[in-house]
2 protein chains.
Amino acid sequence: MLRTINASAVRLSRPSRQLRGRVLGTRHFSCTQYHFAQRAIQYERNGEPSSVLSTITYPDLPPPPAYGVNIKYLLSPVNPADINVIQGVYPAKKAVQQFGPSEYGLVAGNEGLAIVESLGDEARNKFGLKEGDWVIMAKQQAGTWSSGLCVTAQDIIKVPKDVGEVHAATITVSCCAWSGQGISQPVNPPTAYNMLRDFVNMEKGDWVLQNGANSAVGEAVIQIAAYRSLKTINFVRNRPNIEELKKHLHSLGATHVFTYDDLSNKSTVSDIKSLAEGNYPKLFLNCVSGKDTTAMLRLLGADATVVSYGAMSKQPLSVPTSYFIFKDLRTCGFWQSRWYNQHTREERIEVMDSIIDIIRQGKLREPEHEIVTIPGTASDEDATAMVKDLMRRVEGGAGKKVLIKVEEVQ
Amino acid sequence: MLRTINASAVRLSRPSRQLRGRVLGTRHFSCTQYHFAQRAIQYERNGEPSSVLSTITYPDLPPPPAYGVNIKYLLSPVNPADINVIQGVYPAKKAVQQFGPSEYGLVAGNEGLAIVESLGDEARNKFGLKEGDWVIMAKQQAGTWSSGLCVTAQDIIKVPKDVGEVHAATITVSCCAWSGQGISQPVNPPTAYNMLRDFVNMEKGDWVLQNGANSAVGEAVIQIAAYRSLKTINFVRNRPNIEELKKHLHSLGATHVFTYDDLSNKSTVSDIKSLAEGNYPKLFLNCVSGKDTTAMLRLLGADATVVSYGAMSKQPLSVPTSYFIFKDLRTCGFWQSRWYNQHTREERIEVMDSIIDIIRQGKLREPEHEIVTIPGTASDEDATAMVKDLMRRVEGGAGKKVLIKVEEVQ
């Protein structure tokens, strides 16, 4: 157990409606005895995260009910979709969180890894959970940018510890996001795993076409495809260090890597087509759209499916109608949130177990990441400033995946 | 039996390779006794129909083999796809036809209504056919622009005479075509019937959205949808006599008719959406593409399917990627030729029977049409000139559906 009880944490304010959303002072809380304090990154109205987010300190959680589990978050990703939810431009609803008798707000964060701190009897007996277990969220928009929560056992899934904190924190549901940068792809392996499984029946040796191959999902697609003995034709933007990027993608298992520039050369296109030796790709995973994506369509065989999960070009997907009519092309979309809503808890666990298997075999690398800790020693004023700083960085397009760790208030 | 034997027809040339494609003289044919002559509209190389087509007169058919059926064509549609096949820009192959011992060519025409003239024992006993039966083609690219052919019983389907010649001649397979006018829609009811049946499970009262609603398929969609108690939101181009056209479409059973101009008015779009009372269309039949079609997408509900079967705008189908991801939109194509290839003879007969039922109930009108006869009294020179004239008219975009009747040579 990682909890350290700090004497100063016993002095807590009773949050009042007047103070809602403001930094709270610390004073004795007279009615109930709290041992230490929780902290959440919350907002009360939609807007740019760097404007509307603040941290709030609130009393520790009461003992959980029979099916309840008190969890403490270890690592929670900052996904582009989280930003969109805060901005209010995302079709996902947050549940209002009660911080105290009269204090309410929306806690940011959709996915995260947590440790079980205490739990009710039913949660223990019917869900096989115990103190110290690692769990991830089985319910969306749980409010993971916080130090801890009381959740119901049904809404969490136990994960083995040998996959490591970063993998475990990013293995759950994912959402894509849209912004000035277009619709960006989600970051989690389930998106790659499900897209490779759910649309086209792929056999060993079959080819997959994808763009944005160096995105987080793109890299997961390369690795999971390689694990399944599928071959990949990958497209990325040209850049000064293109050879280095190609080498990196090949090291993940990419069969071929090209740039969109190659699409303007007829003989290169013909060469690319010949690679598949007549067994042309029947699956095209698209997170870009726009004219390069249209140009890639000619690399597909008849009866192919384009699955779109992002639109980094900010352009629509434009398809010559003849492809639909004469080549039997199908286009559709994938959204892990929808997948999640349309599948049972058992199906979700099955996908997670499959991905854990791949991780355990060393076939799926951790995403490049950076961990940002909101320390328990910081005041809410300082913690809020740290969060706003981080959000400004993320809004500007942080390179690496950011994982946030909100410590309990000491 | 409509055959009239004419003494002059007995004198026939033996076609020679040297004369192939040219107008043939008439003289005694020494080896075999022919009673009269057949005529076909044929070509030896691809090109504009008005350049490459000619008629050829060739000896009457020998008695059919056991599974053979000698048929005489009554009416054969001139479809845009037939033009494309002759131009060589269509993904359909013609079988080479043998006119005599050394005479070969490609006979134009894909669909048509014929009458059985004579047949082999197996065709009679195993397929239940008899002289005088009306039949349509169960095989594509049969070469229907001719006076008669010997076919196998497997390749034809008997049709009841009470549906009338025009309905019967246009009830079979259809192909769409592409040209300077874009990809145009096919003309036959099976396209409408199958598109309404195969993609989305539609219940009574459900809504269908379509554009090009005054096209031949569009009108069939309106009628078949009305027959199935489905409601239709139909779009057409604005025009001076728009009220007249709307009245016409309403008379066929259209629930609502709008013009693409209405799409630029936000409040009209909102009004159109409210018509479906929350039960937004899940099926959108598209034969136009381009920006108006993109604008129509917002009239769809979540989880909808766009089926494209034409592209009269000559533009691609452009879809905001977010529709795929967040609204679970699917887009695909329909091509009656593919449907035909992927379904059994029994399934084809089943569709035909269903459409005949609708016709018999008076719920499906004959297409507007014009019948062009190539008379048996005309020389091949004159007949060729007539065909070329007709083709020039059709290439220029004839308004009505043209049905051709190639008479036997007298």
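Reader: Which residues of helix α7 in chain A are buried?
Author: This is a predicted model. In α7(A), which covers residues 242–252, the buried residues are A:I242, A:L245, A:K246, A:L249 and A:L252.

Reader: Where do they sit when you look down the axis of α7(A)?
Author: They fall within an arc of 115°, so the buried residues line one face of the helix.

Reader: And which exposed residues are on the face turned away from that buried side?
Author: That face of α7(A) carries A:E243, A:E244 and A:K247.

Reader: What covers the buried residues of α7(A)?
Author: The cover includes helix α6 of chain A, along with strands β13 (231–236) and β14 (256–259) of chain A.

Reader: What comes just after α7(A)?
Author: A:G253, which takes a positive phi of about 120°.

Reader: Back to α6(A). At what angle does helix α5(A) cross it?
Author: Roughly 50°, and the two axes come within 8 Å. Here α5(A) is residues 189–198 and α6(A) is residues 216–227.

Reader: What do you call that arrangement of α5(A) and α6(A)?
Author: Oblique: an angle of roughly 50° is neither roughly parallel nor roughly perpendicular, and therefore α5(A) and α6(A) count as oblique to each other. The crossing is right-handed.

Reader: Which residues of α5(A) and α6(A) meet?
Author: From α5(A), A:P189, A:T191, A:A192, A:Y193, A:M195 and A:L196. From α6(A), they meet A:V217, A:A220, A:V221, A:I224 and A:A225. By class, this contact has 10 nonpolar residues, 1 polar residue and no charged ones.

Reader: New helix. How do α5(A) and α12(A) cross?
Author: Their axes come within 10 Å and cross at roughly 105°, with α12(A) being residues 345–360. That makes α5(A) roughly perpendicular to α12(A).

Reader: Which residues make the contact?
Author: On the α5(A) side, A:P189, A:P190, A:Y193, A:N194 and A:R197. On the α12(A) side, A:E350, A:V351, A:S354, A:I355 and A:I358. They divide into 6 nonpolar, 2 polar and 2 charged residues.

Reader: Zooming out, how many helices and strands are there in chain A?
Author: Chain A has 13 helices and 20 strands.

Reader: What share of chain A counts as buried?
Author: Of its 410 residues, 57%.

Reader: And what share of the contacts in chain A with a separation of 6 or more comes from residues 24 or more positions apart?
Author: Such residues account for 72% of those contacts.

Technical notes:
Residues are numbered from 1 along each chain as its sequence is written. Chains are lettered from A and ligands numbered from 1 in the order in which they are written. This is a predicted model: local features need pLDDT of at least 70, side-chain atom pairs count only at pLDDT 80 or more; totals for chains, interfaces and linings use all residues. Side-chain values use heavy atoms; hydrogens and water are left out. Axes are lines fitted to C-alpha atoms, for helices over the stretch in contact, and angles run from 0 to 180 degrees between N-to-C directions. Helices (H or I, at least four residues) and strands (E, at least two) are DSSP runs, numbered from the N terminus. Angles under 35 degrees count as roughly parallel, over 145 as roughly antiparallel, 65 to 115 as roughly perpendicular and the rest as oblique. A crossing is left-handed if the near helix is turned anticlockwise from the far one by less than a right angle, and right-handed if clockwise. Contact means heavy atoms within 4.5 Å. Ala, Val, Leu, Ile, Met, Phe, Trp, Tyr, Cys and Pro count as nonpolar, Asp, Glu, Lys and Arg as charged, and the others, Gly among them, as polar. Buried means under 20% relative accessible area, exposed over 50%, partly exposed in between (1.4 Å probe, protein chains only). The arc is that of the directions from the helix axis to the C-beta atoms.
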